Amino acid sequence: MTRAPLRPARLSIAADGVPRSLDFDDVYHSAAGALAQARHVFLGGNGLPQRWTGRRDFVVLETGFGLGRNFLATWAAWRADPQRCERLHYVAIEKHPPTREDLARVQQHSATAGADPALAEALQAAWPLPTPDAHSLDFEDGRVQLQLVFADVDEALRGLALQADAFYLDGFTPARNAAMWSPEVFARLGRLAASGATAATWSAARAVRDGLSAAGFEVERRPGFADKRDMTVARHAPRFVPPAPAAWRTRPAAGTPREALVIGAGLAGTACAWALARQGWRATVLDAEASPAGRTSGNPGGLMHPIFNAPDSLHARWFRAAALRCAALAAGPIARGEVAGRLDGFLRLEGRLEADTARARLEAVGLPQEFLHWCPSEAAAAATGLPLTQGGWWFGPGGWLSPRDWCGWLLDQAARRAGAQFHGRRRVARLAREPAGTPGRCWHALDAAGASLGRAPVLVLAAALDSPRLLAASPDCATFGGERLVLGAVRGQTTLLPAAAQAGGTVRAPRHALSGAGYALTLPDGRVLTGATSQHDDPDPALRPADHLENLRRAAALGLFGAAARALPAAALPAALGLDLERLEGRCGWRATTPDRLPLAGPLVDLAALQDARQARARLDALRQLPRSHDADGGLYLCTGLGSRGLSSAVLAAEVLASWITGTPCPVEAELRDALDPARLQHPAAGG
Ligand SMILES: Cc1cc2nc3c(=O)[nH]c(=O)nc-3n(C[C@H](O)[C@H](O)[C@H](O)COP(=O)(O)OP(=O)(O)OC[C@H]3O[C@@H](n4cnc5c(N)ncnc54)[C@H](O)[C@@H]3O)c2cc1C
Ligand SMILES: C[S@@+](CC[C@H](N)C(=O)[O-])C[C@H]1O[C@@H](n2cnc3c(N)ncnc32)[C@H](O)[C@@H]1O
């Protein structure tokens with residue numbers, strides 16, 4: 001489903017410091033103080049902070065994030081509470097996000113709001129671009145996880161995959177904004193309620209109480225805040241609880257081990273270790289190579305950028321959300337010099353697109369200018385320093401990253417946060433699971449002699465093209481249909497061009513990464529990485545002069561050797577540039593591609609159990625109803641198929657996977673989670 005273009009909030013601030021919405025003609029909070037209201041109505045009404053005491057994870061879902069005052073109050077309460085839950089997940093829906101400037105303005109003017117300035121500034125600093133996506137923001141080293149869903153409430157609730165412990169209902173007054181309090185909204189909240197969930201709102205309107213009751217909540221009136229006589233609190237106590245869909249794994253019980261074995265230490269595996277550590281899980285990562293990023297992920301540089309098309313396709317939505325997440329996460333490590341890269345703008349040349357058509361497409365989707373704009377040829381040439389004659393898309397949060405550094409950083413963070421460990425030179429030959437009923441039942445990774453290289457209740461297969469092979473080689477995985485996971489193997493070779501000074505000024509190092517027929521990016525030492533070739537089912541591991549020549553041809557088309565070199569035949573380029581094809585540096589690897597060019601992240605379908613379910617005439621028309629490769633003891637999961645965009649996809653795909661494993665809120669809407677679900681390849685008839 002495509003989302004309507006976002007319109008930022010229009011607000012004014014009254015003399016008493018209370019912000020008012022010009023769209024809804026209503027105040028954002030009581031004149032008696034936003035934080036005091038938050039504490040009385042939303043925290044108090046939901047029994048917080050007491051209810052999160054001793055919990056691993058506690059999930060708040062808010063309708064109407066507004067200026068984030070309730071979030072700041074909840075975060076402050078979490079900080080101040082020595083008994084706080086390990087992780088606070090705060091998911092909030094907002095149709096009209098304020099601008100970062102308005103957030104700052106409100107904080108300055110609103111003396112009565114009184115939010116801790118340090119927390120308010122941290123929120124402003126992390127404030128995302130207003131794109132119609134779910135945006136994850138981490139605070140307190142990831143122990144406070146804010147997910148902002150910029151969409152209309154109805155659509156956002158349909159897309160959420162989570163179990164909420166507390167609901168903050170904070171739309172504007174029902175009299176002026178009935179859409180936030182409709183029976184459909186309440187019914188959806190009921191479906192997202194965890195066992196024992198509570199809800200609170202300052203509203204005591206009849207429609208609110210009736211809506212909550214109809215959705216299975218027991219409703220109570222309580223004294224309201226400031227001049228409000230009453231407010232509403234509620235507890236989810238449905239008469240009938242439908243069985244959870246087969247695919248969903250609820251949050252593992254307190255006390256169960258949070259350990260996973262990850263096979264593969266490329267972008268996929270290291271991102272999984274990081275995403276699991278973010279949720280408090282310890283990963284042991286095994287790889288056949290001596291060090292992380294030993295294979296395809298070992299390039300010194302790669303492009304990282306979203307894609308765009310109109311209408312906003314599933315691909316565009318996935319790669320936008322994924323690239324935004326990667327850019328937000330990588331900004332700090334790049335600035336500190338821990339990871340080589342630059343994510344301050346990327347140019348995608350579009351030779352066949354007219355400027356007017358491009359602008360019309362952009363308008364139809366309505367994305368902010370800082371995220372994407374059309375860049376005419378003169379501006380493109382000026383930005384990159386290349387003699388470009390075409391215009392293109394300029395992606396603000398795009399550029400390049402070193403995959404090698406990125407893998408190392410992700411793994412370091414996973415070690416620091418949750419004790420993740422890496423073991424190199426461990427070639428896994430097959431997987432086996434201890435029999436049902438074994439206490440602390442584990443999966444094992446076995447070597448060729450059958451010795452165990454590692455064990456854990458949860459196993460993540462992130463071994464790129466070897467992933468289906470490992471499934472096929474493992475009798476305990478026979479029921480997971482590894483043979484149906486057909487991945488394409490696309491060989492690719494990059495070429496490293498010497499720095500301009502060494503090449504006698506023949507190579508022009510682009511000031512920003514760009515792509516067209518090929519791509520180019522400038523490494524910190526001045527060399528230009530360019531590529532990449534593409535050959536299906538070609539297992540040759542040797543660097544090939546012919547492939548370097550192909551990369552030179554593409555680089556010439558990008559203008560890397562000046563305008564005159566464009567006219568030269570490819571075969572004349574090496575001599576004209578003084579480059580020896582036999583001695584050029586580069587790297588080759590294999591992209592693991594899926595038929596639909598989206599990653600695979602999730603549990604597998606258990607085909608034997610599916611057969612039984614069919615015979616029992618169970619409902620099987622949606623992916624979430626299919627029986628899977630996980631159960632109460634743990635499970636087996638897949639994270640691969642990153643294709644030619646591993647840098648963009650790895651982190652968010654790993655976070656989707658971590659939400660499957662840990663039962664924490666899914667970081668993307670259900671439609672995108674389904675789009676990544678490996679079940680789509682194993683059982684394409686289901687879902688839809
Ligand atoms: C030439 C080229 C250029 C590219 N350019 C870009 C780019 O600009 N931007 C971008 O985003 N992406 C790019 N890509 C794609 C990107 O490199 C991949 O998407 C990414 O590296 C895939 O990561 P991975 O972890 O799935 O695979 P890998 O990096 O291959 O990691 C899999 C790991 O599993 C290990 N393994 C496999 N089998 C076993 C086993 N049996 N036991 C133990 N360990 C095992 C391997 O040793 C390996 O380390 C490019 C790819 C190529 C080939
Ligand atoms: C009272 S304000 C929320 C105040 C906020 N909780 C805070 O702590 O600052 C209500 C919010 O609901 C949002 N809203 C209104 N209608 C909406 C809808 N249909 N879907 C999503 N959000 C909506 C408004 O844009 C506004 O920001």
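A quick word on the ground rules. This is a predicted model, where local features need pLDDT of at least 70, side-chain atom pairs count only at pLDDT 80 or more, and totals for chains, interfaces and linings use all residues. Residues are numbered from 1 along each chain as its sequence is written, chains are lettered from A and ligands numbered from 1 in the order in which they are written, and side-chain values use heavy atoms, with hydrogens and water left out.

Let's begin with the domains. The assignment gives domain 1 (24-236), domain 2 (259-295 + 404-487 + 595-682) and domain 3 (340-398 + 490-593); such bounds come from an automatic or database domain assignment. Taken over C-alpha atoms, the centres of domain 1 and domain 2 are 33 Å apart. Between these two, 16 residues of domain 1 are in contact with 15 residues of domain 2, contact meaning heavy atoms within 4.5 Å. About 1300 Å² is buried between them, with carbon and sulfur atoms giving 40% of it. On the domain 1 side, R87, D141 and A161 lose the most area to domain 2, together 33% of what that side buries. Buried area here is the accessible area (1.4 Å probe) that two parts lose on being put together, summed over both.

Now to ligand 1. Where does ligand 1 lie? Domain 2 and domain 3 both give residues to its shell, so ligand 1 lies between them. There are 36 residues around ligand 1, and D287, S297, L303, G643 and L647 come nearest; a residue counts as near if one of its heavy atoms lies within 4 Å. By class, that shell has 15 nonpolar, 13 polar and 8 charged residues. For the classes, Ala, Val, Leu, Ile, Met, Phe, Trp, Tyr, Cys and Pro are nonpolar, Asp, Glu, Lys and Arg are charged, and the others, Gly among them, are polar. Elements that each supply at least two shell residues include α8 (267-278), β25 (488-497) and α17 (646-662). Helices (H or I, at least four residues) and strands (E, at least two) are DSSP runs, numbered from the N terminus.

For those of you who like atom pairs, an oxygen atom of ligand 1 is 2.7 Å from a polar backbone atom of L303. A nitrogen atom of ligand 1 sits 3.0 Å from a polar backbone atom of A288, and a nitrogen atom is 3.1 Å from an N or O atom in the Y519 side chain. Of the 990 Å² of accessible area that ligand 1 has on its own, the protein covers 96%; these areas come from the Shrake-Rupley method with a 1.4 Å probe.

On to ligand 2. Of the 21 residues around it, G64, N70, E94, V153 and D170 come nearest, and the shell divides into 8 nonpolar, 7 polar and 6 charged residues. A nitrogen atom of ligand 2 is 2.9 Å from an N or O atom in the side chain of N177, while an oxygen atom lies 3.2 Å from a backbone N or O atom of G68. Ligand 2 alone exposes 600 Å², and the protein buries 98% of that.

Last, the backbone. Which residues does a cis peptide bond with omega of about -20° join? Those are G531 and A532, with A532 in the loop between β28 (528-531) and β29 (535-536). Another cis peptide bond joins A310 and P311, with omega about 0°. Finally, A226, a residue other than glycine, has a positive phi near 55°, and A226 lies in the loop between β10 (217-223) and β11 (230-236).

Methods. A polar contact is a pair of N or O atoms within 3.5 Å; within protein, one must be able to donate a hydrogen and the other to accept it, and residues adjacent in sequence count only if both atoms are side-chain atoms.
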